[in-house]
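Please examine the structure shown here.

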Amino acid sequence: VTQLSPTIKFSVSVVGAYGKAFKVKFATTGTVVPLTTPPMTNPFIIEGENLAVVATSDSRTIVNSSSASGGKDSMFNGNAINDYIDYKVNVPQAGTYKITFRLYKATSNIMYQLKIGDVDHGAPFNTYSTAANYFDVDLGTYTFKGPGDRIFRLTNVGTVAGKIRLDTIKLERTLVFNKGVNLGGGAVTIEGNNWVSQSAAL
């Protein structure tokens with residue numbers, strides 16, 4: 001058994017089976033053997049050109065760029081307000097992640113809205129930048145209840161229609177608590193993975 005949630009996954013060796021049928025029986029009794037959690041690179045970086053497109057209102061182009069992290073980026077050719085593209089993003093493990101998009105700069109204030117599943121995530125973000133080429137957009141944190149594929153929809157909003165070029169999506173897993181108590185002193189405040197402050201001991 002390799003996974004218990006959200007679905008059960010298991011593998012069976014058929015070496016030497018010679019066409020025999022197999023029956024698998026699951027029971028709630030017996031010795032519990034914990035599954036090992038596979039190691040995950042943190043941050044987890046997904047190249048835009050490798051993302052599968054599930055649905056779109058316009059075309060998508062893979063652009064060669066020597067400045068892109070993998071030598072390419074994914075350009076959605078939006079040309080009207082409400083144009084959208086759905087990318088399939090595989091989340092390796094459950095947890096709270098900081099989401100960062102690396103975009104190629106637009107030359108005007110073209111706004112896009114990120115939706116994860118059926119819910120808008122955060123406020124619309126601007127694809128304009130004074131950077132030389134690519135720049136990072138901090139989209140805050142999101143908690144994924146389990147591993148697996150999620151739909152990230154990018155929708156052109158606002159008043160200016162235009163394209164968006166996605167170089168990478170970075171998922172950086174963070175700590176799930178905001179405040180704790182230092183048993184040897186005062187209160188400790190932590191945001192994400194960063195130590196913010198510690199008050200004097202009571």
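Leaving aside residues up to four places away in sequence, E47 touches S69, G70, D167 and T168. These contacts are read from a predicted model. E47 itself belongs to strand β1, which covers residues 44-47. With one of the residues that E47 touches, S69, the link is a polar one: the side chains of E47 and S69 make a polar contact at 2.8 Å.

Although E47 is buried, it has no salt bridge. The nearest side chain of opposite charge belongs to R102, at 7.1 Å.

Elsewhere in the chain, N82 sits in the loop that runs between β4 (72-76) and β5 (84-91). Is N82 buried or exposed? Its relative accessible area is 54%, and because the threshold for an exposed residue is over 50%, N82 counts as exposed. The backbone of N82 also has a phi near 80°, which is a positive value in a residue other than glycine.

V119 is part of a strand, namely β8, which spans residues 119-120. The relative accessible area of V119 is 53%, so this residue is exposed as well. Along the chain, V119 and F152 are 33 residues apart, and their C-alpha atoms are separated by 9.9 Å.

Note on methods. Residues numbered from 1 in each chain as written. Predicted model: local features only at pLDDT ≥ 70, side-chain atom pairs only at ≥ 80, totals over all residues. Heavy atoms only, no water. Helix = DSSP H or I, 4+ residues; strand = E, 2+ residues; numbered from the N terminus. Buried < 20%, exposed > 50% of the residue type's maximum accessible area, 1.4 Å probe, protein only. Lys, Arg positive; Asp, Glu negative; His and termini not counted. Salt bridge = Lys/Arg side-chain N within 4 Å of Asp/Glu carboxyl O. Polar contact = N/O pair within 3.5 Å; in protein donor to acceptor, adjacent residues only side chain to side chain. Contact = heavy atoms within 4.5 Å.
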